[in-house]
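Open the model in your viewer and get ready to click along. We'll go from stop to stop, selecting a few residues each time.

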Amino acid sequence: MVALLFPGQGSQAVGMGKDLAAAFPRARETFEEADDALGVPLSRIAWEGPEDELTATLNAQPALLVHSVAVLRVVETALGAAAYAAGHSLGEFSAYVAAGTLDFADAVRAVRRRGELMQRSGSERPGTMAAVIGLDDGTIERVCAEVSVGGSGVVVPANFNSPGQVVISGDVAAVELAMDAMKAAGAKRALRLNVSGAFHSPLMEVAKADLRDHLSDIDFHAPRFPVVSNVTAQPVDETETARRLLVEQLTSPVRWTESMLTLIDLGVLRFIELGSGSVLSGLLKRIERGAEARSVGSAEDARSLANA
């Protein structure tokens, strides 16, 4: 069985999808469709930058989705039938496009709105995130809980990316205190991330109502195959559950390690990452060394997959 994986924010890079669009008319049409849906020159931002404009949350999120869907449309014949899909944070929207639950234009507009809301939340209540390397999940959860009751603000685990790699998120002072405490507890490293807010933490609560309203106006279709939710690490094949969990995702941790183990337990043997970069393929190797994974993002990658 094959599962499709879709990257999240942080995997963007100036030039993403440009060679794919030059080589494949279907990819170029996908970027053009997104530009029309948003009324924004997203393809220009993705292909030419500047980097700070692409990195802005409201641009990075739709750009990543569009690149992933462009790759999917180019290689879908070579892929054959997928059994499952999963996406890291905003990548879950890409997964639902692949599953047929969300129409492409609706998804592009939704993640643009999601990015705007998350960026606004970060301005209204500034927060940050930090990567913690070399510490077990239980210790990270304990330290975050201890710091959060100390009066310096809130800090929580935000991304359980792989064993020994967890991202924490919250108020700036609380994250900085937690970083020091993580190092004292034995973490190899604790590094601040260049982000515009405390994503996947209670600081994003203000964005949930608006995202819920936006998604309530979108038609969700029965998926062709289940999508594993970031929130529950379990397959979702019911439309209203998908809609609800995409909102809950804003303030819930990304349970990526559990999600990958769920797919492996379900019998998935091959994983194909579609879109920018190869972060998820790398994480998968840390989660399950024997897993077979490949990333497809460029024209050369697409041709290689087709030939294989």
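Before the first stop, one word to learn: a residue is buried if its relative accessible area is under 20%, exposed if over 50%, and partly exposed in between (1.4 Å probe, protein chains only). Helices (H or I, at least four residues) and strands (E, at least two) are DSSP runs, numbered from the N terminus. You're looking at a predicted model, where local features need pLDDT of at least 70 and side-chain atom pairs count only at pLDDT 80 or more, while totals for chains, interfaces and linings use all residues. Residues are numbered from 1 along each chain as its sequence is written, and side-chain values use heavy atoms, with hydrogens and water left out.

**Stop 1**

Select residues 256-265, which make up helix α12. Which of its residues are buried? They are Trp256, Thr257, Ser259, Met260, Thr262 and Leu263. Handy to know here: an α-helix has 3.6 residues a turn, so residues three or four places apart point the same way. Step just past α12 to Gly267, where phi is positive at about 105 degrees.

Now jump to helix α5, residues 57-79. Of its 23 residues, 19 are buried, so this helix is mostly covered. Follow α5 along to Arg73, where the helix bends by about 45 degrees; that's the angle between axes fitted to the seven residues ending there and the seven starting there. After α5 comes Gly80, with a positive phi near 75 degrees.

**Stop 2: an aromatic pair**

Rings of Phe, Tyr and Trp (its six-membered ring) pair if their centres lie within 6.5 Å; planes under 30 degrees apart count as stacked, over 60 as edge-to-face and the rest as tilted. By this rule there is one aromatic pair. Select Phe31 and Trp47 to see that tilted pair, with 5.1 Å from centre to centre and 55 degrees between the planes. Phe31 sits in helix α2 (residues 25-38) and Trp47 in helix α3 (residues 42-48), 16 residues apart. Phe31 is buried, at 2% relative accessible area.

**Stop 3**

Most residues other than glycine have a negative phi, and most peptide bonds are trans. Let's visit some exceptions. Click on Gly49 and Pro50: a cis peptide bond joins them, with omega about 5 degrees. Pro50 belongs to the loop between α3 and α4 (51-55).

Next, pick Ser89, in the loop between β2 (84-87) and α6 (91-98). Its phi is positive, about 60 degrees, although Ser89 is not a glycine. Then try Ala233, in the loop between β7 (227-228) and β8 (235-236). Ala233 has a positive phi too, near 60 degrees, and is buried with a relative accessible area of 1%.

**Stop 4**

Two strands pair if DSSP finds at least two bridges between them. Show the four strands of the open sheet, in the order β4-β5-β3-β6, with antiparallel pairing. Strands β4 (155-162) and β6 (189-192) are at the edges with a single partner strand each, so one side of each has no neighbour in the sheet. The twist averages 25 degrees from one strand to the next; for such angles, axes are lines fitted to C-alpha atoms, for helices over the stretch in contact, and angles run from 0 to 180 degrees between N-to-C directions.

Strand β3 (residues 127-133) is joined to β6 by four bridges. To find one of the pairings, select Val132 and its partner Ala190 in β6.

**Stop 5: around β9**

Select β9, where four of five residues are buried. Strand β1 (residues 2-6) pairs with β9 in the parallel sense over four bridges, and Leu5 stands opposite Glu273 in β9. Strand β10 (residues 292-296) also pairs with β9 in the parallel sense, over five bridges.

Finish at Ser276, in the loop between β9 (270-274) and α13 (279-287). Is Ser276 buried or exposed? It counts as buried, at 6% relative accessibility. Its side chain reaches the backbone oxygen of Ser11 at 2.6 Å.

Notes
A polar contact is a pair of N or O atoms within 3.5 Å; within protein, one must be able to donate a hydrogen and the other to accept it, and residues adjacent in sequence count only if both atoms are side-chain atoms.
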